[in-house]
Amino acid sequence: MKKLLFAMCLMTGIIAFSQTAYDKVMTEKIASIEKHQTADEFTALANDFKRIGDKEKTQWLPYYYAAFSTIQKGRMAMREGKVADLDPIAAEAQKSLDLAMDLNKDNAENLILQKMIHGLKMMVDPQARFMSEGMLAADALSKAEKIDAGNPRITLMKAEDTYFTPEQFGGSKARGLELFQKSLDQFKIYKTKSALDPNWGKGEAEYFLANKP
Amino acid sequence: MPTLFLSKIFALVLFLMSFFVTAQITVSGKVNFKNKGVKDISVTLKDTYDGSTTDENGNFFFQTSEKGKQILVFSNPKFVEVEKPLLLENDAITINAELKEQISEIDAVVISAGSIEASDRKRATVLLTPIDIYTTAGANGQVSSALETLPGVQKIGETEGLFVRGGTGAETKFFMDGNLVNNFFGNSVPGIKAMDRLNTSLFKGNVFSSGGYSAMYGQALSSVLILESIDFPERNSVDIGISPIFLSGGFQNVNDEKTKSFGIAAAYSNLGLMTKLLKFNNTFTKAPESFGTNFNFRLKNKSGGILKYYGSFDTNRLGLQDESLEPETDFDNTSLKGKNTFHNISYRQKLGKYLVNLGSSYTFNNNMIDLSNTYQESEFNPNSIDITGNYFNAKGTLERKINKISAIRGGIELNQTRENTDVAISPVPYSFHDRITSVFAETDLGFSNHFSAKVGLRSEYSTAVNQWNLAPRLAFAYRISKNWMSSLAYGTFYQNPENQFFGTHDLNFQKAEHYVLQLQKSEEGRSFRVEAFYKNYRDLIKNKVENYRPVAISNNGDGFAKGIELFWRDKKSIKNIDYWISYSFLDSERNFQNYDQSLFPNFAAKHTLSLVAKKFVTDWKTGFNLSYSYASGRPYYNFLTDDNGNYYLNTQGKVKDFNALNFSLNYLPNLGKKDSKSFTVLVLSVNNILNQKNIYGYNFSSDGLRSKPILPSADTFIFIGAFISFGIDRTQDAIDNNL
């Protein structure tokens, strides 16, 4: 009896320990996404998430964050005008996202990342790729919207697109800002499913609203 | 006591656990590739969270509390994954790794000697995009004209065909989804250049090879243009084109899953109004008029196999009256009636490791030319030439990938030709039959991301020449540094004598050998390419006049072409301006057909220069395109025949240099209007805006004493057109279904 009790204690201890280890490491890594500033740091972070995903095998979030970190690296390259890097980065992100999607089909957050990957590919040659990648990006976002209409990150994506599209092409800074505000309002009421679930984007909306032209 | 014992155990467990937790040991090391540290390598202790990523110098370090036998994995998409076993005890451990490059399609060097690819794939050989064809001034949206701004292609205005590197127009063959396209250009009469028969919008890309091309293609001494049709259209649409010279309409339907699509289109064109508004160098008795219709469908099966069909039917007419050079004759009258139907079907399917490509094309073409002369308002000398051709092509290719960048492929091709020429004044019609059976095999060998090779062999048997040939092809590509690539191609190419020259004499294949050396630099937004080539022609046909027509009597002709070509494209240096420059130098001599000696070919210029520039002004929703072409003066020859029908050179000369500045403008009024139901492009283009008087050559009277220049149909040509595309709006369907 004592032995059994002891064994049970030990088992629950180990299980509890391993659960917290996943939560702990994920919480820590997720928190550090926003702190990262360089491409190399994003690469390292994507590798960290990949490692966690490979170990856990049933969790989609590590792969999701691996893809997200790679996309962030891509968006950084895009801002710096390194268009040639975007295709390989998009391919890398797609690999991680495919793993996440296999574990969690029809998830709005994954579709939002899918939209971002198509967006990166489009930026390689917008004129030539608008019809293909641009369409696929729009498809992914509209699918996400059907699944989770109140998701503030969907609104954030739309806000970005509108904000950065020249007026001649149907964009507008003012309408972009309206959407950033709408996204911010959604952030206030949107509940993430768990502490580890995607919760990024609020800062970006705030940044744009604070830096109104 | 037992509780005390238990608590002791607990204390021990806690102690041990805390020991495990805190007793971390350090794993560190360095990761090298070719003895140099590499960054961004993921180092993972297998099946744990522990690991790190290498820094700038290839160093890594992390801490772990794992114990015992473990495996350390080094991974990065660019390198082959390496696993290293290690034993974790109490001491820090250092472990280094040397990586091997991962061979991948993205990083592998691509053989590009002789070829220019226009597609939206991101590859080293891609120098143009499909949109570039539409936005090149002077190209009028035609693939063949846009190619004239590339190195190696002559700007020939009086005859259709692509004249590449000292080759005749007949030496370039056209392929659609792997199948031969006979009569790529519309029917025409000498001196008037016909347009491309296939609409540019059918294609998602093309590979234009000006030498050293793959063993998959044959029967072309100079060049091939390989067109790849669109798999599935992006959406349903209705398209309309309006211009003073044409009217076109069509629709394209595609299902949501993009597994089925069909479309139909029709176009009518008539140059009548333009001949009244603009000054033409030709006197049209019947302004060029044409009607064409086409139909397509595409099907995709569950396993991803794609069946594509495209079929067209068209007719065209024109009539000309030119002042005659002959004595006691005022005018030469020519009129043309053309009929053509073309069908192309292709099927592509993956079967395990194999890729199967099957395709077939069929062309029926009829060209009826009526000739006569006018003297003092009465017609005489009536004659007509009626050419009817039936062309059938079938091709099957099987391809197997060996590793990521290596493949082996082989196949068989069949070409059948039946041509009948009826000349009214000739007593017997002339008919020509030929069946060419070809087998080919080729292998792509990727040795590393820096070095690859292509080895191919093609063999053909033609019933018309009653012989087999054997054509080896070989090409290499080597990456010199990150941005610089070199490639080298060699090949032997055979082509039958042109159908119309077959007579009673035994003939053989004509032969060309190509040597192409290329250096290319590609960096963000800029590409530079220099290519040197040498072509050796053997067994070209020699002609003689027999029974009132030129007939090939032997394969004793020969020739060479050599040159150097430059291409520079830059989207970066001048803000918002995208431009390319190509320059070609050609030295060539030929002794063939009716040439009685080695001469610089009359269809080639020594120096050719093209400059293409584009700018899109977003605020005005307008694209401005400019192109300038220069070609040094081409030689012209007048050959006469002696009593035995042998040709001799009577007169020769050189025309003045060719110059043309072309301009076009695309205005997209609905651009960016989110809720707009149509997408409109208004086009204004002016070819030869400076109205330069260009001359292509000279026509001579039958005694060679009088001559007159061969001129473009119009020195300056203006085109205005509107292309409107309506994406089919489904809201109406939704409303109808809910009523």
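Is B:Trp468 buried or exposed? Select it and see: at 53% relative accessibility, B:Trp468 counts as exposed. Keep in mind on this tour that the model is predicted.

Next, select B:Phe592 and B:Phe603. Here the centres are 6.3 Å apart and the planes lie at 80 degrees, so the pair is edge-to-face. Both B:Phe592 and B:Phe603 sit in the loop between strands E32 (577-591) and E33 (607-617) of chain B, so the pair ties together parts eleven residues apart in sequence. B:Phe592 and B:Phe603 are both buried.

Stay in chain B and pick B:Arg590: its charged end sits over the ring of B:Tyr537, 4.2 Å from the centre.

Over to chain A. Select A:Phe49, A:Trp60, A:Tyr64, A:Tyr65, A:Phe68 and A:Trp200, which form one aromatic cluster. Then show A:Arg153, which lies over the face of A:Trp200 at 5.7 Å from the ring centre.

For the last stop, display the open sheet of four strands in chain B, ordered E4-E3-E6-E7 with antiparallel pairing. Its edge strands are E4 (51-53) and E7 (79-88), and the twist averages 15 degrees from one strand to the next. Now bring in helix H2 (residues 39-56) of chain A, which packs on this sheet and touches E3 (42-45) and E4 of chain B. Finally, zoom in on E6 (residues 68-76) of chain B, joined to E7(B) by eight bridges; B:Lys69 has B:Leu87 as its bridge partner in E7(B).

How values were computed:
Residues numbered from 1 in each chain as written. Chains lettered and ligands numbered in written order. Predicted model: local features only at pLDDT ≥ 70, side-chain atom pairs only at ≥ 80, totals over all residues. Heavy atoms only, no water. Pairing = 2+ DSSP bridges. Helix = DSSP H or I, 4+ residues; strand = E, 2+ residues; numbered from the N terminus. Axes fitted to C-alpha atoms, helices over the stretch in contact; angles between N-to-C directions. Contact = heavy atoms within 4.5 Å. Buried < 20%, exposed > 50% of the residue type's maximum accessible area, 1.4 Å probe, protein only. Phe/Tyr/Trp six-rings, centres within 6.5 Å; stacked < 30°, edge-to-face > 60°. Lys NZ or Arg CZ within 6 Å of the ring centre and 35° of its normal.
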